[in-house]
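Subject: Structure handover

Hello,

Here is the structure for you to look at. Please open it first, then read the notes below it.

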Amino acid sequence: MESNVIPDSIRPQRLQPGIGFGSGPTGTLRSSLRPGVTVPIAPLLPSPASLAASSGPPPPPPPLQLHSLYGGVGAGLGPGATGHCNPGNPAVLKEAVEAVVRSFAKHTQGYGRVNVVEALQEFWQMKLTRGADLRNGALVVYEMVPSNSPPYVCYVSLPGGSCFGSFQFCPTKAEARRSAAKIALMNSVFNEHPSRRITDDFIEKSVSEALASFNGNREEADNPNTGIGAFRFMLESNKGKSMLEFQELMTVFQLLHWNGSLKAMRERQCSRQEVLAHYSHRALDDDMRTQMAADWVNREQSVAGTIAQELASTERELEDARLAGRELRFYKEKKDILMLAVGQLSFVSCVSL
């Protein structure tokens, strides 16, 4: 696929009614905090990964790869187990997943073969029954990638929003579904371990690593107006939550950074504290996705081929992360937003004819 051509295989998605393209630089705080962008991409340092960004368009930030935050598969195996995340080590990944599934079966259903699709749903239903704060219920959602031949690929979204995908070569759609359920079940189980909770010790270790990585000083960590200070503020605001819960929140800020929205909000005189407070309590929704897609429409109209190039890069990132058994929502949301932008382009073209 050529980088400057929108692929025909991308099917347009319906444009949400009542949403305009772009946004103005003025207005109330609420309107200023909308994710619409009219300026080039630049970061407001939503995570330590972007603290060292210079002026000008930076590369998109990686999905929060702090050593203490992400060691192991997805969100789960603990510090030092980074080998399991290596896509060049699929045998170790498969062995780890199978071991967790067998252990889960032993302690919940006795010995024997476990239906991982049913087990994953039962796991989240059990969490809901025990009082977990699941705003949209306990339903686990599967999404097959359209294909007429193997290998088949399946994604699974957990009730909180985390996303995982089949990580093996799957000759059937049923096997792809089971593969996705396995990696999601493993991360769900590990996420319940006390070591996966954000505690005072965890916050201090994470902030210290951020300071060391970016040659910061302790004063920066105590100042909420700095990038590291904002990161500390987010950690402290989510004390007691699990790694998956925190990653779900960080996905929102990663997307806002990738889209250039944080830079635009700063230019509208929104402080970091206002942005963090606003988006820390807001889930990704169709309005936010549509606004971001409109920004990519504007970029495409300014420089033809922008969306196709970004989509190709995003698809490679998504594929690498899926095969590595990592949490996928950041990459998946990027792809969905870009495909929505293609749909908006088709809509604009039809209207202009």
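Which residues in α12 are buried? They are T306, I307, A308, E310, L311, A312, T314, L318, A321 and R322. Buried means under 20% relative accessible area, exposed means over 50%, and partly exposed is in between, with a 1.4 Å probe and protein chains only.

Two points on the source. This is a predicted model, where local features need pLDDT of at least 70, side-chain atom pairs count only at pLDDT 80 or more, and totals for chains, interfaces and linings use all residues. Residues are numbered from 1 along each chain as its sequence is written, and side-chain values use heavy atoms, with hydrogens and water left out.

**The chain overall**

The chain has 13 helices and 3 strands. Helices (H or I, at least four residues) and strands (E, at least two) are DSSP runs, numbered from the N terminus. Of the 353 residues in the chain, 51% are buried. Now take the contacts in the chain with a separation of 6 or more: residues 24 or more positions apart account for 67% of them. Contact means heavy atoms within 4.5 Å.

Helix α11 covers residues 286–302, which is 17 residues. From its first C-alpha to its last, α11 reaches 24 Å, close to the 24 Å expected at 1.5 Å a residue. The expected span is 1.5 Å times one less than the number of residues in the helix. α11 is mostly covered, with 13 of its 17 residues buried.

Helix α12 covers residues 306–323. Its 18 residues should span 26 Å at 1.5 Å a residue, and the end C-alpha atoms of α12 are 26 Å apart, which agrees. G325 follows α12 and has a positive phi, near 75°.

How do two packed helices get described? By the angle between their axes and the distance between the axes. The axes of α11 and α12 come within 8 Å and cross at roughly 125°. That makes α11 oblique to α12. Axes are lines fitted to C-alpha atoms, for helices over the stretch in contact, and angles run from 0 to 180 degrees between N-to-C directions. Angles under 35 degrees count as roughly parallel, over 145 as roughly antiparallel, 65 to 115 as roughly perpendicular, and the rest as oblique.

Which residues meet here? W296, V297, R299 and E300 in α11 meet T306, I307, A308 and E310 in α12. The residues of this contact divide into 4 nonpolar, 1 polar and 3 charged. Ala, Val, Leu, Ile, Met, Phe, Trp, Tyr, Cys and Pro count as nonpolar, Asp, Glu, Lys and Arg as charged, and the others, Gly among them, as polar.

**Helix α8**

Helix α8 (residues 243–259) is mostly covered: 16 of its 17 residues are buried. Just after α8, G260 takes a positive phi of about 85°.

**The sheet**

The 3 strands form an open, antiparallel sheet in the order β1-β2-β3. β1 (141–144) and β3 (163–165) are the edge strands, and each pairs on one side only. Two strands pair if DSSP finds at least two bridges between them. β1 and β2 pair over 4 bridges. β2 (residues 154–157) and β3 pair over 3 bridges.

Follow V156 in β2. Its bridge partner is Y142, and V156 also stands opposite F164 in β3. S157 has C163 in β3 as its bridge partner. The hairpin of β2 and β3 has 5 residues between the strands, and there G161 takes a positive phi near 115°.

C154 is found in strand β2. Buried or exposed? C154 counts as buried, at 0% relative accessibility.

**Loops**

P151 sits in the loop between β1 and β2. The peptide bond from P150 to P151 is cis, with omega near 0°.

N215 lies in the loop between α5 (200–213) and α6 (218–221). N215 is not a glycine, yet its phi is positive, near 55°. N215 is exposed, with a relative accessible area of 72%.

Q269 lies in the loop between α9 (261–267) and α10 (272–279). Q269 is not a glycine either, and its phi is positive, about 70°. At 69% relative accessibility, Q269 counts as exposed.

Best wishes
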